[in-house]
Amino acid sequence: MKFGIVVFPGSNCDHDCEHVLRDVLKQEVKMLWHKEHSLEDVDCVVLPGGFSYGDYLRTGAVARFSPIMKEVIQFAHKGGLVIGICNGFQILLEAGLLPGAMLRNHSLKFICKFVYLRVENTETPFTNACGEDVGARRAVPLRIPIAHGEGNYFADEATLKRLKENNQVIFRYCDENGQITEESNPNGSIENIAGICNKEGNILGMMPHPERASELELGSADGRKVWGSILNEWNDKSQLRKLIGLSSDGTKDVSVRHDDYLSKNNTT
Amino acid sequence: MESGKGKRQKRTTDDRRQTTKRNTKIRVVVTLKKSVLDPQGQTVQHALESLGFKGIACVRMGKYIEVAFNGKSENPKQSAEKMCKKLLANPVIEQYEIL
């Protein structure tokens, strides 16, 4: 699978994403400078975290008008997979690809810490591997870090209602047992929302950083469930292509390794 | 010293006259909508109250943006309106006023 990571001036999680996708998950990665006018032939676009354009005016407000965003919007409207992490989520909101907006954290502080996330919908291209774990009776909350000053998700009542009706709320901040509590909400987000997708399900925005939790050496590998879901989705879609021999074996191998990895992880 | 000071003042007045003649400056104030919680405003309000200022009903924080036009824009006010809608304010959470 080929991932395209968009690099804006001020992106700072682009190389973390690149490392996880290329070195850990053995996928093809193309770095896309924000001034480019083509996504080439990528299968999934990653809008990484950081402080694009210094967060001037509003987070993501300027990046949203970068030349490459035109291509990203077109790609997303055609059903292409787009994941926006942290600043990437903020850019997706500003671009109108996802509903709502980000406010300053309720505490007004920049918060960098591990949080727990309850996966509210495990039937999306980004969460299909987050369901019941091997050896567990129910979906276990993901432990993934956040690092932001403006992650206080806001949507008006009508939008919120629509999000819930269409199962577009993907992640909620919770405690380690999966309970949604006020204490587990780090930034004041409405209804503990940490991540949402569009109605069609091909665009995900999330404040937590799965790329910072994709290796056990870094304290958690739960982020791999998000990446693994994307790989699953792509592999499923390319079954037909596999049958007619268009896909390389490499992708299949990785998917197997990924499943192995998760089961090993969760039985301990 | 005296004469130098006078010169400098004169230049400033000239500059200002030129600005008003040829250029238009549009001032925009962007604030959070009333329905949106403003933790920054609240914090400032608490600080003011702790300093002893009484009778404050509400403090809201916002952004002040100046856009100077160089005389080539036909309708600065109209383009300022467009600027607000497209970039300067986010209609989901903010309202704007062109002063």
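1. The core. The largest nonpolar core holds 77 residues. A:Val6, A:Cys44, A:Val45, A:Leu92 and A:Leu117 have the most contacts inside it. A nonpolar core here is a set of buried Ala, Val, Leu, Ile, Met, Phe, Trp, Tyr and Cys residues joined through C-beta atoms within 7 Å. Buried means 20 or more other C-beta atoms within 10 Å of the residue's own; exposed means 12 or fewer; partly exposed is in between, with C-beta atoms placed from the backbone. Apart from this core lies another, of six residues, including B:Val28, B:Ala80, B:Cys84 and B:Ala89.

2. Basis. This is a predicted model: local features need pLDDT of at least 70, side-chain atom pairs count only at pLDDT 80 or more, and totals for chains, interfaces and linings use all residues. Residues are numbered from 1 along each chain as its sequence is written, while chains are lettered from A and ligands numbered from 1 in the order in which they are written.

3. A:Val45. What does A:Val45 contact, leaving aside its neighbours within four places in sequence? The partners are A:Gly4, A:Val6, A:Leu39, A:Val72, A:Phe75, A:Gly80 and A:Val82. Contact means that the C-beta atoms of two residues, placed from the backbone, lie within 7 Å.

4. Helix H1 of chain A. This helix spans residues 14–24. A:Asp14, A:Asp16, A:Cys17, A:Val20 and A:Leu21 are buried in it. Their cover includes strands S1 (2–7), S2 (28–33) and S3 (44–47) and helix H5 (223–237) of chain A. Helices (H or I, at least four residues) and strands (E, at least two) are DSSP runs, numbered from the N terminus.

5. Helix H2 of chain A. Residues 67–77 form this helix, and A:Ile68, A:Met69, A:Glu71, A:Val72, A:Phe75 and A:Ala76 are buried. An α-helix has 3.6 residues a turn, so residues three or four places apart point the same way. On the other side of H2(A), A:Pro67, A:Lys70 and A:Gln74 are exposed. Cover for the buried residues includes S1, S2, S3, strand S4 (81–85) and strand S11 (203–206) of chain A.

6. A:Gly79. Just after H2(A), A:Gly79 takes a positive phi of about 100°. A:Gly79 sits in the loop between H2 and S4 of chain A. Is A:Gly79 buried or exposed? A:Gly79 is exposed, because it has 11 other C-beta atoms within 10 Å. Not counting residues up to four places away in sequence, A:Gly79 touches A:Glu200 and A:Asn202.

7. Phi of A:Lys26 is near 55°, a positive value in a residue other than glycine. A:Lys26 lies in the loop between H1 and S2 of chain A. With 14 other C-beta atoms within 10 Å, A:Lys26 is partly exposed. A:Cys86 also has a positive phi of about 55°, although it is not a glycine. The loop between S4 and helix H3 (87–94) of chain A holds A:Cys86. A:Cys86 is buried, because it has 29 other C-beta atoms within 10 Å.

8. Chain B overall. Chain B has three helices and three strands. From the N terminus on, they run α-β-α-β-α-β. Of its 99 residues, 11% count as buried. Among contacts in chain B between residues at least 6 apart in sequence, 63% join residues at least 24 apart.

9. The sheet of chain B. Three strands form an open sheet in the order S2-S1-S3, with antiparallel pairing. The edge strands are S2 (62–69) and S3 (94–98) of chain B, each pairing on one side only. Neighbouring strands of this sheet are turned by 20° against each other on average, direction ignored. Strands pair if DSSP finds at least two bridges between them. Eight bridges join S1 (residues 24–32) of chain B to S2(B). B:Lys25 stands opposite B:Ala68 in S2(B). Helix H3 (residues 76–88) of chain B lies across S1, S2 and S3 of chain B, at about 30° to S1(B). Axes are lines fitted to C-alpha atoms, for helices over the stretch in contact, and angles run from 0 to 180 degrees between N-to-C directions.

10. The interface. Chain A gives ten residues to the contact and chain B gives eight residues. The side of chain A that touches chain B divides into five nonpolar, two polar and three charged residues. Ala, Val, Leu, Ile, Met, Phe, Trp, Tyr, Cys and Pro count as nonpolar, Asp, Glu, Lys and Arg as charged, and the others, Gly among them, as polar.
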